[in-house]
Structure formats: structure tokens, C-alpha cells
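Thanks for coming. I have one model to go through today, so let me put it on the screen.

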Amino acid sequence: MEALYAFCVGLLTASGVFLVLRSRTFPVVVGLTLLAYAVNLFLFASGRLTVAGVPVVGQSATYADPLPQALVLTAIVIGFAMTAFVVILALRARADLGSDHVDGREEQSNGELN
Amino acid sequence: MLNWIITFAFALLCLALILNLWRLVIGPDASDRILALDTMYINSIALLLLYGVWQDTSLFFEAALLIAMLGFVSTIAVCKYLLRGDIIE
Amino acid sequence: MKLLLIALLPWLGALVPLFSERFGRTTCAWLTTIGPALALVLTLVMLPSVFAGELVQVRYEWVPQLGLSLAFRLDGLALLFAILILGIGLLIILYARYYLHEKDSMGRFYSMLMLFMGAMLGIVLSDNLIQLWMFWELTSVSSFLLISFWWQRSSSRKGARMALTVTGAGGLALLAGLLLIGEMVGSYDLSVVLESGNLLREHEWYSTALVLVLLGAFTKSAQFPFHFWLPHAMAAPTPVSAYLHSATMVKAGIFLLARFFPVLSGTELWVILVSGAGLCTLLLGAYFALFKHDLKSLLAYSTISHLGLIVLLFGLSTQLAAIAAVFHIINHATFKASLFMAVGIVDHETGTRDMRKIHGMFKYMPYTAVLAMVAALAMAGVPLLNGFLSKEMFFAETLAQDLFGAFSWVIPVLATVAAIFSVAYSFRFIHDVFFNGEPVDLPKSPHEPPRYMRVPIEVLVAICLAVGIFPGLAVYDILRAASSSVLGTEVPEFSLAIWHGFNLPLLMSAVALLGGLAVYASRAKLFRFQARFREPDANLIVEREIQRFVRACQRLTQGLENGSLQRYLGLLFLATLLMMGSVLIDLVPLAGSREMLPLDGVAITAAVLLAVSTLLTVLWHNQRLIALLMLSVVGLIVSIIFARFSAPDLAMTQLAVEIVTIILLILALFFLPQEMPRESTQARVLRDIVLAVLSGTMIGGVCYALMTRPLTSIADYFLAESKPGGGGTNVVNVILVDFRGFDTMGEITVLGIAALGIYKLLMHARLHLPTRDANGRAWAKDKHPPLLATVAQSLLPLALLVSVFIFLRGHNLPGGGFIAGLVTSVAIILQYLSHGVEWIKDRLKLNYQTMIACGLLIATLTGMGSWLFGRPFLTSWFDYLNWPLVGEFEIASAIAFDLGVYLTVVGATVLILANLGKFSTPFRDAVPDQVVDRPSTNRKEAR
Amino acid sequence: MSEILQVIVGVFILIGAVFALIGSIGLIRLPDFFTRLHGPTKATTLGIGAMLIASTVHFTNQSGSLSVHELLITLFLFITAPITAHMLAKTALHNHLDVMKPTQGQETLKRNRDS
Amino acid sequence: MQHGVILPILIPLIAGILLMLPVMHKSVWRQRCGSLIASASVLMMSIWLLMQASTGDVTIYALGDWQPPYGIILVLDRLSALMLLLTSLLGFAAILYACHSDDTTGSFFHVLMQFQLMGINGAFLTGDLFNLFVFFEILLIASYALVIHGGGKQKTRANVHYVILNLVGSSLFLFALGILYGTLGTLNMADMAAKVAGVPVEDQALVEAGGLLLLVVFGLKAAAFPLYFWLPRTYSAAVAPVAALFAIMTKVGIYSILRVFTLIFGEEAGELKDLAVVWLWPAAVVTIMAGAVGVVAAQGMRTQVAYLVVVSVGTLLGGIALNSETGTAALLYYLIHSTLVSAGLFLLVDLIARQRGQAGDRIVGTHPLAQPVLLGILFFLGAIAIIGMPPFSGFIGKALLLKATPGVTDKLWLWPPLLLSSLLVLIALSRTGTTVFWRVSKGATKADSAEPGKVVATLLLLSAAPLLAIFGGPIAEYTTATAEQLHSPGELIRQILPGASATGGLRP
Amino acid sequence: MSLFRTIVPRPMLTLLLWVVWLLLNNTIAFGHVLLGLFLAIAIPRLTYYFWDPQADVKRPLLMVKFIAVLVFDIIIANIEVARRILGPSKELRPAFFEYPLAITGDFPITILASTISLTPGTVSAQLSADRSRLLVHGLHVDDVASAIEQIRQRYEAPLQEIFGC
Ligand code: NA
Ligand code: NA
């Protein structure tokens, strides 16, 4: 199970990284979201995986580590705030700069600048 | 016995989810995909409920409730986008 | 104490002219002299004790960690220089009173001059290496200001910059050198350093330190190959040139050589470097001086040449050579300063400094002419003048040295050659300016200058004569005192007689005199010869080189930061990969010893769903809506994963946030371009894939490694304390509102700020409003489908009820303020979706901004409430009440805190989404359907 | 007693899962969007319903007191599922999606398509 | 005053909240008063805290009364007190400056400013690594909003890069947190430090990876090569008071590196000691040189000052790389100097640009300024200080750093870039100064004089240059004591966790 | 009565919320009964303005019956649809038809439309702008007229009675 989980985290990371490296704001935002998923799963896994151990006192015999859960919760909320900001910023950039390119310009005819 | 049934039910639900994904992938139209996604949400509710029964815990009930109550909002939003572009006007 | 006063007086004096300028030029000048005059008097008062061999010191700690103290010493060398600086400085002040034009700001000039004087005095009096360096740099800075006194002139600015650059560079090298010396010695006190000659010379860092110190000295004293800045510093007013570029600042480098002579000299390296540079400079300066038509340039090159002479003497490293060097310092300062001042008078009176125009001045200003000629003869080394004496000593020392074995004779020969040119340009100066017919096209008709303008020259020329005729009487004592500091030992016997009998040095002098006359006589041929070489203008060259350098820097900067985010991100990932990879190589074996969970079908299915939808999100990222749908699947699966691994709170939060995020992205989609952008180049895609795969592999690997290793964490404490200490059974929630409530406070603050920021972003933003959908079809007309509207209405109360439910149970079971807040928000957003902004505005009088503020305030006040009980911020409190019929229930401060969270989440979420919806709507109705995408009109956020 | 309840739970779980699957099969099998729309919106509501009954029975049995909050999920699904279908149908109409050949009332459809 | 430690966080928070309320928000006057009062009181508070910390005592404030390592704690030691004072000084000056016009060119200026200060102060105070992340996010989100204050294409363009890079940075931070929690099982930095040495050999690589990932994150905030590219555009685009406050933002990165790599991976870290040094050296050297080249290349004064910030970051990194008490003491002195002076320069450049009409901050000749003497003297002072020439603070800072460089190898690393960069900056700034102040056309100025409040704010910051030099002794003494405190993490660990042995044993 | 109406503007809603609260908490403990009542009264008042004037349930008992019929029909519809789904798709005879609405008011229309969507093989696709016709898609319709009639009989008529419109 752990290997599968790690594979998913890795895949999400890779996909996030790839999309973040695109040149338009929308895929970048999507990439950041994927990266955030990867981060959350990763942080969550730092408390190890536990099945049937919801950390509610009195509900089971063994408990999952509650601390990473709380951390991920905080991370999700902060991530949401940040995503919201960057999305609106992308709109603003498009409005101000007339392009949704992350550099605020249209690419030159022979492809992008490196 | 119940465990066997639950395992079997899990298998059916997984199959259902895979089929949903299949429709989501092949489309052909955005509407089909939205429908597939919506179905996926509903199948997830079933999955969560089944999981609760299996684990003997009702702690996942609220999660299922949340999907039932809110899951359709994003579907509506996408539909509205396709219809009107601006979803809050 | 007196010493401190001497050092500080010029600094205090710098303020005087600023305030006294308004009282008139003469008053200003006189008042300005008070400081230096007082300092000079104080210095002279200490003369006897210094002659007696006493060392006056004063020291205050300043920055002990740096080894920097405010420390001054007055030994013979310092005394000599202090007298030169103060004495000539006073004369310059007097001279400048008449030299400066009405329009020139006298206060500014004097003030800067005093600053410079203070800095220069600081150098020579310093008893601390760092402090010495500090004053050293201050001379560079203040001379920059003085050179650029006429800042309107391009040449002034350029000359000043060049001087600053060259001397500044040297200064940095000097700093390094001094720090090295300090470190070698273990102290930055000059007194200690001067005791440590052997230690220094034998240290492995000796050569490095020496080179660095010499770089400082050579740049400052315009030694080859750093001489080029000096002629361009002549853009300064002549008093400045007379002071800085003959008597004082350029001597700072010389002073440095003298200062460190006892501890650094005597080694082979010293001899080669110092005498080499000195010799080159001596020849070069003397040769070029002859060909300068500009009076000040001639003097500038002559200065370079004489400085070279002094440096060469120090380079010879013998005791007598050092004494000769000190002697020539005095002599050069006097005759060169007076020459500069004389030239200043000529310039002042004729309006030009071109020797091809100025002729026959003897007729117009005979008195000045005599003074100038005496000084020039001193420069040429004519007997009965001071220049002759030190030059004789110089010749003697060149003969005495034995540096190059069989080729040692080269040095005296070259010295003679230099002297020949020295005589030649001195004669040229005398002959061209004061005789040689009538002047040509002068802008002004010349006459004698004001009386007091000549006084400084008279004083200096008198000294030239006095020293030249009665050397023993005039300078022996001070020379002896100064030399003793330079040598650091007993001063050997030396004689300052005019007549040493017929000897080789005298012959060399004679050869020089006659040769000089001969050279001058054949000057026409020489000038023609020299004219064949285009003379490089250092100003232009340096300026051009600097321009080229600036352009190169610009290219480099642009090359580094091409404004491409993709590159910056790529570098970020690359750096991460490199740094983490470098240590993760050692991570063997990857898997740890922890027992793993068994795999099952549901997990595999979830993984397949996740993998496929993730990959398709990537693959179809240009089909934006579809990518979004795929992203939703990923979010859904992630929340199911959370549920699976015992985190219902997370599952719910993830779900709710997911929905809000998708709504947000769909909102955004409308305003983003719908056309598909060009694909990236294949190379770029390949690069990104490599980066992505490596990143994914690494993070996945680390994740796996972590999960398979056992962990001892602080979690047990939370599980144990949750109920008794936090009053709740849902440990995650108790962590959020209690154990780590501070994090949560921060988190809702982030949310609140984000909402404000987004509001700011949207204000006055002119968003693009596409009038057709991606297929080119017009938008549907049905704004708010009635069925949807009705259902949304019905859901609102239900959703609120569920919110309350989730909110209240959060402390003990999955739920809590955050999720409840999101549920409420989604319900409100649904109203916006189905009814529109106007409809809501009429019905909901909520100010979301106030709501956020209230939420944050409640959370904060709850936290502060614990102060009343003398406990730290956010200390929780709970109790169980037992009411009849109702039964036992809990009240807890955490609930109040959670209420703050709830309000903030609702306020922020709705503010974000509703605003985005709201800002476009008024425009949209105004846009007729036919108008295609309007071009963006940018308006500032400013009102 | 609990054996019988277990059987009941099992049966309802099975019904739920089967209907959920059938709904999803419909999503794949049916030929055009409008027909596909029927599958999930109905089959899944029943699927979930059955699953909820199973859950109710199970937890009532477990805790000894009646567990009926599962009804709420049904309530919400009954409210939301039709509106989802409605909005999706509207979208399909707006986008002029093709309908399968034998569909009756094509004229009606054309009339109702969003211009 | 037992709650004094938390006030630098709470005062701006409450001020921000109150200013957000419509009743306060609608009146510019109330905004200004509230903002100024809040920042002035934080300033007072910081001075008091500095005095408290200067005794050498470490104050620990356990939030929620949950003792470390379980709860979040605030730690006031010499370093955090120093950073607090710097921040509040900067904040006060920036707000004072903004109160004359900049705060009305967009909404929520003062609110965001207060939140920004809260975030920065929190980052300096917290003793918990995850809490540090939270405060990072607070200061970042506030800065995202502040960058676009005033509007305009440049700001938007710069902000897109700034935000996206930092979002990725935040993700990396969380990865690092996950790794460190997953190996050490705790979040309190002192507790982490106590546990690091006891990490089993097979887990060491993981902990190292976590530490290095943190270095990347902090390097991004600090603007170290190759992660500084966002800085010049962002800082030069932001309005002056914001840019001035941002001068401390890079120092948050520096602070974090210093904190984490002296505490967690410090003297007590056993085999994991000195993890960062290998990477810090090249980063420092290249950052210094790239920054200096940027200073030379800059065509606008704002950009030039922004690159000066880059240079100072490189210099500070070099100081950290020295990894010694004297090195740290020197870098702290330099940090105080460079923060205040570069912030002052941002304000000054704005004053200058406003008097140059069309030319703005571009380094070209134009008509004369309205206040050439005042601004000229201030520029001269600031330039000399930042170049590192005497007699102002810069030379003491640089000389301290040079002096703190021990062996030949370290000297070879640090001396050439430090000295060379000084020379390049000297060349560049002398050109800028002579061009801006001296290459002016004849004729009268077309601009008004600067508002006195703005001048006072600028003076407040730039006066640091002479004052830091005059009082160099006591200040260096303080930074030396701070460095001592930092380099004996065992002390701190024992104070925070009285039960822990600093050799890595786990508590019962 | 008017005081009651002031406190409880929508009795049916209040009742519904009260029941939902108790369902949510899975309890009939007195404390929750009380709290639920409070919320059931408070929330409608809070959201009062969000309700456009709507037809209210006039005949609650009939409503109960209607729901029972509906649940039954849903079960049947599901089996029916399941059969069609699993059967050969060639035999499908889908149809679009317009259902002429007799019922008025947005809320009743919504209930009707939802009912149609939930029951045998029909989905409400579009409501005409004048709210007089409802476009319905049937999965398998043999006879359009009888389908319309069935809707009218089984759902619309009872709803008209319930809401009195
Ligand atoms: Na939280
Ligand atoms: Na809108």
C-alpha cells in the first residue's frame, strides 16, 4: 500500500511540476493545485498510514497520528487562499497586460524565450 | 458472509467508478464529462457509506452527506459556465 | 588630548564655512582658517617633545570587535605630514579666497576642503590600521567632491569618477592588505604592528599583504600603471590641485610606504615592486610632462614623475634612501604647491592654461613670474633651491644601490634621463609662459593678481629658498624626526650641505641641467616625433571601457534574468533536485523496517483513477474545461484517500475546498482567453518532463522511505490530553483550536488577507468579457433558470442547519468551524450562482469585510481572554454544565474561537467569489452582443 | 437476530452496489447524451438509497438505538439530482448535441433549442 | 508585561482587524492615525523587548499554556529581539512615508501593512517550524497584495512571477516539514535540535534532505542565487514604502537560515552539523557578484537599489557560510546596516524620482530637482554607506565580515567577491549620483518639494548609517553576544526543554 | 395567529428543519429537541428574505401521500431504467415532448419538474420562458400523449391540490 501511495504522491508531484512550468497562467494554476495535492498527501503521510484509526478519542483501539492531519488542514486552507489569490491575479494580469502568458507577453514567433 | 458481500460490493463500485472515468475520458462532449463526474461523486457517496459499514464506524457519514449536499454545486457551476460563461452575474 | 583636538579640528572646521558664508567671502575665509590654524599651533607646540623622541598617543575604543579604535599618534613622520597638511592647507584657504569666482559657492568649497584636510590629517595621525583605512577612503571621497566642484562640467564629473574609481579600488585592496597585516600581527594597533617587522616579513601571507598594500599606495600616489587618473583630476579648481594633487593626497600613498617602511621593506619583493614602479613612473611622468600644452597637465605629469622618484627611493630600501625620500616629500610639496598656485594665477588672469597661447607673462606679472620661476627652478633641481638637495641625495642613492648586479648602473642612467626631461619641462614652463614673445588670443588681459593671492606662493617659495640655502637650519630636525619614524631605528648620520664637493651626483646634476637645456632646445623635433603617436585620452578610454562594461553587465543580467518565469521555476526545481539529490543518494535501503499495509482492490482502483485523471489533466491542460473536470476527479480521489486513512476531517475539508476551488476556477475561465495557445517547443517540453519526472521520483521516493520507517512522535501526548486538557474528543479539532490554535489563527488571517488582496486586485480591473463561447456560439439567454433558483432557495436553510450541526460537533467528532464555514459559503455561493448579484444585494445586507474582521476579532479576543486569568494567549477553558431536562453539556472557549474561524471563512470565501462575480456584471450588460472581445483598457487602481 | 439483520444488510448493500453499477453502465452503453442522462440520475439514487438502508440497519444494530440520519443523504440527493439533470439537459440543448436517430419529437427539440 | 512577547504579533493583528472595519476604513485620517499609533507602539514594545533580551535571558511564551515541545512557543532571544526592532523601525518609517499619498492610491494599504508586520514579527518570534510556515504565509500573502498597491502593468507583471515562485516555495516548505516531522516526530525547533543527533544512521539522509529543502525555501525568500530573479522586478515595481518594508523580507529568509542551521543543524547536531555550508559558499559568491553586476547594469534607480539588496543578501549568506561566532556577529551587524540603509534608499529614490518628472527614476540627465542639496546629501550618505566606504555603517559591516573570515580558503571565497562588489557598486553609484544630481539641464525645477513627513521617514532610516557607525562598539557587542547565543544552541535547547538532554535522547 | 406567523413565517420549513436536526443528531434527547426547535425557528427567520413569495403547502397530508407514491414510482422507475440500460439499445425509443403545464408558481413547478426527473424514464430538460411548457426527454416513450397524461394524473394534479394552485 505504501508503495502505491508513494507512487501517487510522486505522480502528482511530477504532474504539478510539469504544469507549473507551462507558459500560460491557467495550466500553472492547475499545476499549483496538483502540487498542493501532492504536498498535502505527503505531509499527511509523514504521520504514517493508518487504517481504521480515526483520531477521535474512544472510537478505536489505535489512532492515526492526529498532528499531520491538523497540519494538512491548515495547509489546505492556506493553499486555498493562495490559489484564490493567484487565480484572480492571473485575471488581473490578463486584463492589464492583454495576455495570459506568465511573463505578461506573447511569445515570439520562433517559440518561447529560454 | 457480510464481509464477502461487502468485498463484492466494493468490486462493483470500483467497476462503476472505472466506467465513470471511462466516460469522462472519452466524452465526447463536455456535457458527457460533467455527467460522468457527477456520477462519480454519487458513487463515491456509496463507497464511503460502504466503507463506514465495513469499518463499523459512522465517522464518514458527514463526509458522504457533504458530497450529497455540495457535490452538485460544481456540476451546476460548470453547466452555467457552458450556458452563460459568467457564472455569477 | 591635544592630539585628538588636532585631528578633530578640521572636522569641526568643516561646519564653519557653511554657516559663515553669509558674512561675505573674506570673513568666511578668515573664519575657516581658525580651525586649521589652531591645529597647526597645537602641532607646533608639540614639536619639541617629538624632536626629543617622544611618541604622543591617544586612544579610545570604538568598535573593539573590529579592532577599530579612535587612536592617534604623533611621531616624527606624522608631525612632518601634519605640518605640511595644515600649513599648506592654510595657504590654500587664503589663495582660494581670491581664486574662486563670485558664482562659486565658497562655503561648499571650504567645507569640502576642510573635510579633506580632516581626512588627510586622520591618515597621518592614525595609530590604528582600520582607522587609517577609514581616513584613507575619506580622502578619496572628499577628493571626489573637490574634483567635481564644478559639477556642471562633464570633464569634472568624469575626472572625479575616475579618480574615485581608481583610488577606491586601491583602497579596497589596501583594506584587504591591512586586515591581513592585522591578522598576522594579531592587532590592528599601529604601534604593535610597527614592532612586528620580522614576524610580518617571514609570514606566509607577507607577499599577498604587501601586494595589496602597494596597490593601495600606488593607486593613490598615481604610480605606473595607475597614474592615468591624476591628469584628469586637474579638472578640479586649481587650489584643489595644488593641495590634493601635489602636496597632500597623492602623498598619502607615499606616506603609507613610509609608514610601513620599517615592517614591510627590505625584502626582494618590496625592492622589485616598489623601485620598479617608482622608476617607471619617474621616467614616464617626466617624459610626458614635456609634451603637455596644458599648464596643469604639465604639472600633473611632473607630479607623477616626482612621486615616482620618491617611490623609487623607498624601493631602494636603504636608510639613506628613505631619508632622501622624506626630504623630497617636503621639497616637492613646497615647490609643486607654489607652482600650481602660480599656474592658477596665470589661468585666472589669462583665462586659459594653454602654453601655446600664453607667452610673455613676465611683462604683465613680473612679480608672480619671478616666484613661479624660482619654484620651477627648484623643480628642475637647480642649486640653491631645495629641489637640488634632494635630487642630489637621490642621485647618490641610485649610485649606491646594487640591486641588479652588473646592470645596476642602469638605474642612475635612467635617473639622469628622467632628470634631463625634468629640467626640460621646467625650462619649457619658464620660457613658454613668461617669455617667448607675446600672448595669443587671450580671453582676458592679464595683470598682477590681488596682493593676498600671491602671499601663499611667497611663503612657499621662501621655504624653497630657505631650505635650499640653509638646509641644516631649516629642515634638519624635522627631517631627522620624520626619518626616525620611517626607519624605526636610530637615524644614521646624514648631511644636508649644499656642497659635497665634486662627485658623481653633482656630475649627474650638471648633465641633467645641460641635457635638459639641450632637449628643450630641440623640442620642435621632439614634439613632431611625439605627435606621431596619437595620445590616448584616459578620460575617454576609461569612460568607453566603463560603458562597455556596463553594457556587458546589462547583457549578463538580461541573460541571467530574461524575465521568463519558466526559467526561474526551472532553476528552482533544479536547485531543489541537486541539493536534495546530493544527500538522498545515501538513502539505502529505501524501504525501512516498518510493517506495510496490505494492498487491496479499492486502493488500486483509486490509484488508477488518480493516475489517469492526473495524467489527463496534464495532457489536456490546453482544453481548459476538461482539465478542470479531470482536476475535480483528482480532488475527489484525494479526499477519499484521506477518508480511507482515518482522516474524516481532512476528507471533508478537502471536498469543500475542492468545490469552492472549482467554482473559482470556472469563474476565472470565463475571463481567460479561450483560444488555444501555441505549444511549447519540443526541447522545452522534454526538459520539463525530465525535471518533472525527477522531482516526482524524488518526492515519491522520500515519501515511501518515510512511510516505511518507524516514527516516534509527540502525537501520543495529544491523544492523551485531548479530552482531559482540551475538552474534546476529536483530537484533530482540539489540535486546531487548542494545542495549535495559534496556527489556526494565522491560517484564518491568511484567508482574510487573501480576500482583501483579491478585492484590491479586482477593483477597477477591466476584465475581458468574451461574448461568445468556445464554439463561437452566443451565450444562452436564460440568466437564472427558475428551477435552479428555486432549488437553491430551498437548500439554503438546510445547508445552514447542517453548518450549525457540523460546527457544534467539531470539537468531539469530525467537523468544526472551518468545514461549517465552507458549507455555509457554498450555500451562499449557490445563491449567487442561481440568483445573481443584484438579487442577493437586495436580500443579504451582510458586509463580508466586516464579517472577516469580526471573525478575526472574535478569535483574537478569545485568545486574549485567557489573560484575565493570568494565562498565556489562547489558553483554553471549558466546563460541563448540567441543566435540568437538558442534561450535561459542554461549554468551551474553543467554541468561541471556532466561531471566529467560521465567520472568517464565510466572509473571506464569499467575498472572494462574490466579488469576482460582481465586478464583471455591470460591464457585461453594457456590452452589446456583437462586440467581440474588447481590447483591455488599463486603468490604474488609483482613483 | 443479528444474523437476519446481517443478511438484510448484505442484501441491501448488494442492491445498492448493483444499481450504482447499472447506472454507470448506462453511462457507457446508452447511445446519446440525453439517454445517458437517465442512467445515473435515477439508478444511482436508488443505489445510494439501498446502501443507506443497509447503513441504517447496520448501525441501528450496532449501537442499539435507531440510526436514521442516513435519510438525510437521500433527501439531499432527491433535491439535487433532478436539478443536476435539468441543468445538464439545458447545457446539451444549448450545445446542440446530437440525438440518436430514432428519437421522437425532433421538431420539438429544435424549437426548444436555445438560439 | 508577562505577555509582552506576543504583543509584536497581536498589536498589528488587532490594528489590522480594526482598520478593516468599514467605520475605520472609510476615513483616511483614521486609517493613518490607527496605523501610526499601532506601529509606534510596536516600536516601543520592540525596544523594551530588546532591552529584555539583551540581558541574555531567553523568554519563552507557551501559547495556550501548552508546554514545549507539544504546544507552539514564542522564543525571544537576542536575535529575535533584534529582528523585531528592525522590523518595527522599518514599518514605522514606511507607514509614516506612506501617510502622505501612497496610502490612498489603492485600498487597504494600512490594513495590509499591519498584517505584513504581524507576519514578519511572528516569523521572527516563533519557535515552531510549522508555525514559521504559517507566518511565512501571512507575510507572503500580505506582500502579494502590497506589491500591486497603486496599480499599473509593471506591478501586475512582477507580481505574477513573485506569487507563483513563492507558491512553489511554500509547497517545498511543506515537503520539508513533512520530511522533518516524519523523521523527528516533532515540530518545535528546539525539540528537533534535541533529536537530530539521535537520528539513526539509515534515516540521516532523509533529515539532511529535509534540511536542504528548507535551505532552498529560505534561499528563495532570501533571494539567493539562483533564486533571486524575482526580486529586482518586484522590488522596483512596488511603491516606495512597500519596497522599503520589503527590505526586511529577504532578511526573513536570512534569519530563517540562521535560525534553522544554528539550532537544528547547529553545534549539537552531531553528524548532521554544518549541512548547509557547502551550498552556502557558492550561493553567496554568485549572489554577490550577480547582484553587483545588476547594480552596474541597472537603468533605473529603483532597480539599482533592488540589486543592492541582492548584493547584501549574498554578503549575508557569505556571513552565514563562515559558520563561526565572529562571522555571525559580523553578518548581524551587516544585516542591521543593509536593511535600514537599503530601505532608506528605496524611500530616497522615490523622493528623487518624484522631483524628476518624466525621467522618474531612470538614470539619465534631466531638469534639476526641487531639493538638490538635501536629496543630494542624503543620496551621498546612503551611497557611501551601502558601498561600504567609511565613515558610515557599511564599512564597519564589511570590514567585520572580512575580518571574520578565518583561513586562506574562506578568504579566497569571500574576500574577492566582497571587495570586487564594493568596487562595482562604487562605480555604478558614482555614475548614478553624478548623472542624477549633476547632469541636469539649466533652468528651474518643475517639481514641488517633498512633504516633510516623507523626508523625516527617509531620514529616520538613513540616519542609521552614521548612528550605526558611531555606536558601532555597543552594537557590535550586542551582535557578538547574539552570535554567542546562537552558536551555543545547547543552552537554548535546555531552556526550552528543561527535561531534554541536548544529546538527542528522547524524553520519556 | 399573527404572532405565530411572525415567529414562524414558514411552519412547514420549520418542521422540516426540526426533523432534519434530530435526524442529523440521530437523537431525540431533550436538549437537542430544544436546540433543534430554536434553530428551526431561527434559520427560516434568518433566510426569510431569500424566499421569494412562494405557494405554501396547503394540504400536508396529501403531501405525505404524494411522497409515498413518488418513492414507489422511483423504485419502479429504477428497475425500468435498469432494464432499458442492460437491454439492447436499438430497441430504445427516446422522445422529446413538451408537457403543457397547468400548475403555476415556481416552487410547485420545480417540485413537478423534479418529480418528472426522478420518475420513470423522464427528465425535465427545459422550462419555457413563460413557464407554460416543460420540455421532457423520455428514455423510452411508446406514446407521447399517454406519457403526458400519466404525468398529469399522477403528479401534477396532486401537486395542484397540495399547493392550491
Ligand atoms: Na485549521
Ligand atoms: Na459576474
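I will start with how the values were made, then take the chains in turn.

This is a predicted model, in which local features need pLDDT of at least 70 and side-chain atom pairs count only at pLDDT 80 or more, while totals for chains, interfaces and linings use all residues. Residues are numbered from 1 along each chain as its sequence is written, chains are lettered from A and ligands numbered from 1 in the order in which they are written, and side-chain values use heavy atoms, with hydrogens and water left out.

First, how the chains meet. Contact here means heavy atoms within 4.5 Å. Chains D and E do not touch, and their nearest C-alpha atoms are 34 Å apart. Chains A and F have no contact either, with the closest C-alpha atoms 17 Å apart.

Now chain A. Its secondary structure is three helices and zero strands; helices (H or I, at least four residues) and strands (E, at least two) are DSSP runs, numbered from the N terminus. The radius of gyration of chain A is 19 Å, well over the 13 Å that the globule rule gives for 114 residues, so chain A is more spread out than a compact globule. That radius is taken over C-alpha atoms, and the rule is 2.2 Å times the number of residues to the power 0.38. Along the principal axes, the C-alpha atoms of chain A fill a box of roughly 65 × 25 × 15 Å. Buried residues make up 81% of the chain's 114, where buried means under 20% relative accessible area, with a 1.4 Å probe and protein chains only.

An unreviewed UniProt entry annotates residues 32–58 and 70–91 of chain A as "transmembrane region"; such annotations may be inferred rather than shown by experiment. Over residues 32–58 the chain is 52% helix and 0% strand, with end C-alpha atoms 38 Å apart. Residues 70–91 are 100% helix, and there the ends are 32 Å apart.

Next, chain C, with 39 helices and four strands. Its radius of gyration is 43 Å, well over the 30 Å from the globule rule for 943 residues, so chain C too is more spread out than a compact globule. The box for its C-alpha atoms is roughly 125 × 65 × 60 Å along the principal axes, and 66% of the 943 residues count as buried.

One residue in chain C: C:His359 is in the loop between α17 (319–350) and α18 (361–364). Is C:His359 buried or exposed? Its relative accessibility is 10%, so C:His359 counts as buried. Beyond its neighbours within four places in sequence, the residues in contact with C:His359 include C:Asp432, C:Phe435 and C:Pro439.

In chain E, helix α13 (residues 277–297) has 16 of its 21 residues buried.

Last, chain F. Three strands form an open sheet in the order β1-β3-β2, with antiparallel pairing; two strands pair if DSSP finds at least two bridges between them. β1 (95–100) and β2 (122–127) of chain F stand at the edges with a single partner strand each, so one side of each has no neighbour in the sheet. Six bridges join β1(F) to β3 (residues 133–138) of chain F, and F:Glu98 has F:Leu135 as its bridge partner in β3(F).

Definitions and conventions. Buried means under 20% relative accessible area, exposed over 50%, partly exposed in between (1.4 Å probe, protein chains only).
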